[in-house]
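Please examine the predicted model shown below.

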Amino acid sequence: MNIVTQIMEENAERLSYVSVVNGRDTWTYGELFESVREVRRELESMGIRPGQRVAFRCADGAGYVVGSLASLAAGVAVVPVSMELTAAERAETLERIDVRA
């Protein structure tokens, strides 16, 4: 069992509780978990497999939480890439770390 499965199991009876607050937006555990499953399926449909690295360029917020949990659920390593890097810096970083997506 990975950490995301454990989080989902431990909060299965709290699906209507607020899990993420992002400014004025709130997500319940149910909404969060459904989004995590959806993004995980998308990663898998892209051919992403456990053990691979996935670059993650996202502003702080609910999207970051969903993307990180979905990646962990899929067994891939999340490599955060700063939103403040220039295109050249981003390209160099992605080449150096050998990400799959």
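The following paragraphs treat a pair of helices, a loop residue and a pair of strands in turn.

Two packed helices are described by the angle between their axes and the distance between the axes. In this predicted model, the axes of helix α1, residues 3-10, and helix α2, residues 29-45, come within 11 Å and cross at roughly 150 degrees. Because angles over 145 degrees count as roughly antiparallel, α1 is roughly antiparallel to α2. The crossing of these two helices, α1 and α2, is left-handed. On the α1 side the contact involves V4, I7 and M8, which meet F33, V36 and R37 of α2. Sorted by class, the residues of this contact between α1 and α2 comprise five nonpolar, no polar and one charged.

The loop between α1 and β1 (18-22) contains N11. Is N11 buried or exposed? Its relative accessibility is 11%, so N11 counts as buried, the cut-off for buried being under 20%. When neighbours within four places in sequence are left aside, N11 is in contact with Y29 and F33. F33 is also one of the α2 residues that α1 meets.

Attention now turns to the strands. In a regular strand the side chains alternate between the two faces of the sheet. Which way do β3 and strand β4, residues 77-80, run, parallel or antiparallel? The two strands run parallel, and four bridges join β3 to β4. Within this pairing, R53 stands opposite A77 in β4.

Conventions. Residues numbered from 1 in each chain as written. Predicted model: local features only at pLDDT ≥ 70, side-chain atom pairs only at ≥ 80, totals over all residues. Heavy atoms only, no water. Axes fitted to C-alpha atoms, helices over the stretch in contact; angles between N-to-C directions. Parallel < 35°, antiparallel > 145°, perpendicular 65-115°, else oblique. Left-handed = near helix turned anticlockwise from the far one by under 90°. Contact = heavy atoms within 4.5 Å. Nonpolar A, V, L, I, M, F, W, Y, C, P; charged D, E, K, R; others polar. Buried < 20%, exposed > 50% of the residue type's maximum accessible area, 1.4 Å probe, protein only. Pairing = 2+ DSSP bridges.
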